[in-house]
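Here are my notes on this one, jotted down while going through the chains. Have the structure open while you read.

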Amino acid sequence: MARPAGCSGEGEVAPSRVDKSGGLIILLSVPENKSLQVAVPGLPVPDEELVRRVQHGHMEAFEELVRRYERKVYNIAYRLLGNEEDAAEALQDTFLRVYRFIPKFAFKSSFYTWLYRIATNVSLTRLRRRKKTEVVSLDASIPESDNLKFDLPDTGQTPEEAFQQKRLREKLDQAVEQLPEEYRAVVVLRDLEGLSNEEVSKILKLSVPAVKSRLHRGRLALRQQLVNYL
Amino acid sequence: MKDKGKRKKATCDCVELEEWAVLYVEGEVSEEIRQRLLIHIQSCAHCAHLVRSLKRTVHYCRIECGRDVPQQAHERLWQTIRNLLGSG
């Protein structure tokens, strides 16, 4: 029997199409005991649908995932590593790994939880490697403030406000960098990236109470560093 | 005196407050604990300052919008992606 266009068989999710406005149109045929994703024209294609498309060989969907998460991944890496050069390397490594392992992505977690776990692991591995080499080359480190000189967005602030903002940002960068590694990842993911305790626990493979405990210590340490600038 | 005794029992000390401060800022403490912390904060300038600055720290972290990917890093990434997809 001929299947309707867009359906690849019972229980399978056919690669979706994108309408003229960029919205997602999915035609699904699923058994009763499976969940059904409702397509809403005009809304962005969900990550998981893009992953399915990549798994079906539609590589333009991979480009869309990179576009979506390039900035997020860079910021996680930058926060964990503390400089642009290492963050750029971690950004590359992360997406190379995503490309390599996305065919095996089994939809047991959301795509971004999986992606952030890769980004965090790549960054922390690089951080540990760097710490070992820093022992013998202390003078190779670049003062954090040098990276921030050209970094202020045009926010319509007065020069004084912009200066204060820059100073606070500098302090925040320094304070995060000085956090012990086990607190740093939790603070970055929870407070700077806005993830929930549950999401952070999945990414870092910690229990939720362990996340809360590290967050507690991390925030108190951060506050200690920033207290004169807040 | 009876009221005073109750009030003393209903509050906490600075060490206890520090233990609860992060959860308090998150709004994740029970109503009973929240009340105890509040009573202490009202009479302890040190802890009031701790809670206020902790709230600001968390708030600042949350509004910190991050930075854009530097142009060079962006171009390098996309060159890699194009190479990958071209060869795949």
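The points below go from the domains, to a helix pair, to the chain contact.

1. Bear in mind that this is a predicted model. For chain A, the domain assignment gives domain 1 (62-133) and domain 2 (157-230). Taken over C-alpha atoms, their centres are 19 Å apart.

2. Where the two domains of chain A touch, 11 residues come from domain 1 and 13 residues from domain 2. On the domain 1 side, helix 2 and helix 4 (111-134) of chain A are the elements giving two or more residues. Helix 4 of chain A gives the most to that side, with six residues. Sorted by class, the domain 1 side has five nonpolar, four polar and two charged residues.

3. Within chain A, have a look at helix 6 (residues 181-192) and helix 7 (residues 197-204): they pack at an angle of about 135°, with axes 10 Å apart. That angle makes helix 6 of chain A oblique to helix 7 of chain A. The crossing is right-handed. Helix 6 of chain A puts in A:Ala185, A:Val186, A:Leu189 and A:Arg190, and helix 7 of chain A answers with A:Asn197, A:Val200, A:Ile203 and A:Leu204. By class, this contact has six nonpolar, one polar and one charged residues.

4. Now the chain contact: 31 residues of chain A meet 23 residues of chain B. On the chain A side, the elements giving two or more residues are helix 2 (60-81), helix 3 (84-101), helix 5 (159-178), helix 6 and helix 8 (208-226). Helix 2 of chain A has the largest share of that side, eight residues. By class, the chain A side has 19 nonpolar, four polar and eight charged residues.

Definitions and conventions. Residues are numbered from 1 along each chain as its sequence is written. Chains are lettered from A and ligands numbered from 1 in the order in which they are written. This is a predicted model: local features need pLDDT of at least 70, side-chain atom pairs count only at pLDDT 80 or more; totals for chains, interfaces and linings use all residues. Axes are lines fitted to C-alpha atoms, for helices over the stretch in contact, and angles run from 0 to 180 degrees between N-to-C directions. Helices (H or I, at least four residues) and strands (E, at least two) are DSSP runs, numbered from the N terminus. Angles under 35 degrees count as roughly parallel, over 145 as roughly antiparallel, 65 to 115 as roughly perpendicular and the rest as oblique. A crossing is left-handed if the near helix is turned anticlockwise from the far one by less than a right angle, and right-handed if clockwise. Two residues are in contact if their C-beta atoms, placed from the backbone, lie within 7 Å. Ala, Val, Leu, Ile, Met, Phe, Trp, Tyr, Cys and Pro count as nonpolar, Asp, Glu, Lys and Arg as charged, and the others, Gly among them, as polar. Domain bounds come from an automatic or database domain assignment.
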